[in-house]
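Student: I've just opened this one and could use a guided look. Can we go through it together?

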Amino acid sequence: MARPLYAQVNLAALTANVARVRACAPKTQLLAVVKANAYGHGLARVLPALADADGLALVELDAAIGLRAGHYTRRILLLEGFFATDELKEISAKRLGVVVHHADQVRMLETAHLDRPLEVFLKINTGMNRLGVSPADVSLLVERLNHCDSVAALRLMTHLARAEDDDGVNDQIAAFERACKGLPYPRSIANSAGVVRYKEVGGDIVRPGIMLYGATPFPYDTAEMIGVQPVMTLRSEIIAVQDLKPNDSVGYGATYTASRAHRIGVVACGYADGYPRHAPNGTPVLVCGKKARTAGRVSMDMLMVDVTEVPEATIGSPVVLWGEGLPVDDVASAASTVGYELLCAVTPRVPIVTTQVGHIDLEL
Ligand SMILES: *Cc1c(COP(=O)(O)O)cnc(C)c1O
């Protein structure tokens, strides 16, 4: 018997979430964002469920090369582009598309001699102030890229900083429209929040990430409200039970003290597995399918749960840390973070089990 902790990845849910993206943003091209090892789900494992996407987008060149080695033939976009000229040969040989967000990258393309020119997404800074060229420089850079032998096809792109706010897209969309006025190239604007709000945001190529994995980009609209299903369920078991008397405390630093008699279940999952150490007392956990709460500090390999209200809980009882029955966003909000961070943070020590409908495939 192995340590009873694994991340179950439900490919049928992922396929359904891709269909949800298609329904929100019909007639667009869909680049599924798979950076950070498909948001922690395992890039190679999720590919079959992304068969309906027109391509993939990620930041890691080595992962993109791995996709080509695995005979992935559709488009692949590098979201941070390239960092030095010496990467361009490989990028061209592997038919990868690049984001260009800085004039220096334009210069590198101009001086490169590539066997095969690239698909280039010119990224425009419309207010996020992270990556992107200034709107004032767009026409000149477009002109240069247009005449550059390294460029096969040009697209215009921006990234939304606060698509989750009611008026959060208007200024950026207006700035993007002004910067792109009259330029006849396909446009890419929407992340997940933009896909859900596609009618306002628009664009020809969408780049959803988090919603594919069944979590929400919004602070108030839940995954269920935006019509997506959890893909990863982090499962474990109770491996010990402690009966506490009033005033007994739990865990390192004794940050939790029982005011009454209490039953505590010990779960085989800790911060070395990616569960957030900063999750406070009271973070939700499912034990035997019932909502329970963490008690005491999360330790490296274990966390403790108050199971007083789950009398059937005993050694071997099933635990869901997040996923089916407990949205990752609920755990994230209790721990003052976002579902994105929790999903990406699951560590390699946690085996991933892929499920198809009616079929379990253990890949360790
Ligand atoms: C990560 C990323 C996305 C996907 O964002 P989600 O909020 O996960 O949908 C889209 N575009 C770019 C440029 C990104 O870096």
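Student: How far is an oxygen atom of the ligand from an N or O atom in the side chain of Tyr340?

Tutor: Quick background: this is a predicted model, where local features need pLDDT of at least 70, side-chain atom pairs count only at pLDDT 80 or more, and totals for chains, interfaces and linings use all residues. Residues are numbered from 1 along each chain as its sequence is written, and side-chain values use heavy atoms, with hydrogens and water left out. For Tyr340, the side-chain N or O atom and the ligand oxygen are separated by 2.7 Å.

Student: Which residue puts a backbone N or O atom 2.8 Å from an oxygen atom of the ligand?

Tutor: Lys35 also comes up at the ligand, but there a polar side-chain atom lies 2.7 Å from a ligand oxygen. The backbone atom at 2.8 Å belongs to Ile210.

Student: How many residues surround the ligand?

Tutor: Count a residue as near if one of its heavy atoms lies within 4 Å of the molecule. The closest are Lys35, Tyr39, Ser192, Gly209 and Tyr340.

Student: Which three residues supply 39% of the area that domain 1 buries against domain 2?

Tutor: Buried area is the accessible area (1.4 Å probe) that two parts lose on being put together, summed over both. The two domains bury about 1000 Å² between them, with 64% of it on carbon and sulfur atoms. The trio asked for, supplying more than any other three residues, is Tyr39, His41 and Arg45.

Student: How many salt bridges does the rule find across the interface of domain 1 and domain 2?

Tutor: The rule wants a side-chain nitrogen of Lys or Arg within 4 Å of a carboxyl oxygen of Asp or Glu. Across this interface, the number found is zero.

Technical notes: Polar contact = N/O pair within 3.5 Å; in protein donor to acceptor, adjacent residues only side chain to side chain.
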